[in-house]
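Dear colleague,

Please keep the sequence and the 3D view open while you read.

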Amino acid sequence: VGCKAILVFFQYGVMANFYWLLVEGLYLHILLVLIFSPNRHFTIYLLIGWGIPTIFIITWTVTRIILEDTGCWDTNEHGGPWWVIRIPILVSIIVNFILFISIIRILLQKLRSPDVGGNDQSQYKRLAKSTLLLIPLFGVHYTVFALFPDRSSNNYKIIFELCLGSFQGLIVAVLYCFLNSEV
C-alpha cells in the first residue's frame, strides 16, 4: 500500500508539473492578448494547476484498482489505466505548444510594428532571444516526443528528457528569478 501511495503522489507531481506549465503559458498569453488585472484569475489558475491533476489521478487510481491492481503499479500491462494519465498530459502539452506559437506570432507582430526601432537584424535577434527564453517556460521540449509511442523512442526520450527536462527548473529560476531585477 505504501509503494502504491508513493507512486500515486509521484504521478500527481508529474501531472501537476505539466498543468503548471500550462498555467504559465495561459497567464503569459492572456497578459499579451488582454488587458486585465491578473489577480482576479488566481483561483482559476490554482484549479487548473492543482485541481485537474487531482481529478485525473483519482480516476487513474480507481481504474488501477479495478483493472490492474498488480504489484506496485509501476508496470503497465494494460493500456487503459495508463491513458487516463497520458491523455491529459498530452492535451496540456499540445495546448501549451499552441499558446507558445501564438505568443511567438504576437511578438513577431510587435517587432514588425513601425513604433519599434532598429534594423531587421536586431529585430530578429530580439525575437530569437525571446523565443529561447520562452522554450523552457512553456516546456516546448516535451513536444518532441509527446506523440511518439513509448516503446519506439524510449532510449532517446530518456536521454533527451534527462538533459533538457532536468534543467528546466534551473533555467526558469535563473532567467525569471535570479536575473530579474524586480525579484
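Pro-88 has its place in helix α3, where helices (H or I, at least four residues) and strands (E, at least two) are DSSP runs, numbered from the N terminus. This is a predicted model, in which local features need pLDDT of at least 70 and side-chain atom pairs count only at pLDDT 80 or more, while totals for chains, interfaces and linings use all residues. Residues are numbered from 1 along each chain as its sequence is written, and side-chain values use heavy atoms, with hydrogens and water left out.

Is Pro-88 buried or exposed? Pro-88 counts as buried because its relative accessibility is 5%, and the classes are buried under 20% relative accessible area, exposed over 50% and partly exposed in between (1.4 Å probe, protein chains only). Once residues up to four places away in sequence are set aside, Pro-88 touches Met-15, Tyr-19, Phe-56 and Trp-83, a contact being heavy atoms within 4.5 Å. Pro-88 and Ile-52 are 36 residues apart along the chain, and their C-alpha atoms are separated by 8.7 Å.

**The chain as a whole**

The secondary structure of the protein chain comes to 6 helices and 0 strands, which read along the sequence as α-α-α-α-α-α. Of the 183 residues in the chain, 34% are buried, and among the contacts with a separation of 6 or more, 69% are between residues 24 or more positions apart.

The mean pLDDT (the predictor's confidence in each residue, from 0 to 100) is 78 for the protein chain, with 68% of its residues reaching 70 or more. Confidence is highest in α2, at a mean of 91, and lowest in helix α5 (residues 154–165), at 68. Where pLDDT is low, the predicted coordinates should not be read in detail.

An unreviewed UniProt entry places the feature "transmembrane region" at residues 18–37, 44–67, 87–107, 127–146 and 158–179; UniProt positions are given in the numbering used here, feature names are shortened, and annotations may be inferred rather than shown by experiment. In the model, residues 44–67 are 100% helix and 0% strand, with their end C-alpha atoms 33 Å apart. Residues 87–107 are likewise 100% helix and 0% strand, and there the end C-alpha atoms lie 30 Å apart.

**The nonpolar core**

Which residues have the most contacts inside the largest nonpolar core? They are Trp-60, Leu-134 and Phe-138, in a core of 27 residues, where a nonpolar core is a set of buried Ala, Val, Leu, Ile, Met, Phe, Trp, Tyr and Cys residues joined through side-chain atoms within 4.5 Å. At least two residues of this core come from each of α1 (2–33), α2 (42–67), α3 (79–111) and α4 (120–138). Leaving aside neighbours within four places in sequence, Trp-60 is in contact with Leu-7, Val-8, Gln-11, Trp-73, Pro-81, Trp-82, Val-84 and Ile-85.

Trp-20 is found in helix α1 and counts as partly exposed because its relative accessibility is 24%. Beyond four places in sequence, Trp-20 touches Tyr-45, Leu-46, Gly-49 and Trp-50, and the C-alpha atoms of Trp-20 and Gly-49, 29 residues apart in sequence, are 4.8 Å apart. Leu-28 also lies in helix α1 and is partly exposed, with a relative accessible area of 22%; from Leu-28 to Leu-134, 106 residues apart in sequence, the C-alpha distance is 10.0 Å. In helix α3, Val-95 is partly exposed at 33%, and its C-alpha atom is 8.9 Å from that of Gly-25, 70 residues apart in sequence.

**The cavity**

The structure holds 1 cavity of 30 Å³ or more, a cavity being a set of points on a 1 Å grid over the protein atoms alone where a 1.4 Å probe fits but cannot get out, with lining residues having an atom within 4 Å of a point. The largest cavity has a volume of about 60 Å³, where grid points are joined across faces, edges and corners and the volume is the space filled by probe spheres set on the points. Its lining is made up of Phe-18, Leu-21, Ser-92, Ile-93, Asn-96, Phe-97, Phe-138, Gly-139, Val-140, Tyr-142 and Thr-143. The largest share of this lining, 4 residues, comes from α3, and α1 and α3 each supply at least two residues.

With kind regards

Definitions and conventions:
On a 1 Å grid over the protein atoms alone, a cavity is a set of points where a 1.4 Å probe fits but cannot get out, and a pocket is an open set with protein on both sides within 12 Å along at least five of seven lines; lining residues have an atom within 4 Å of a point.
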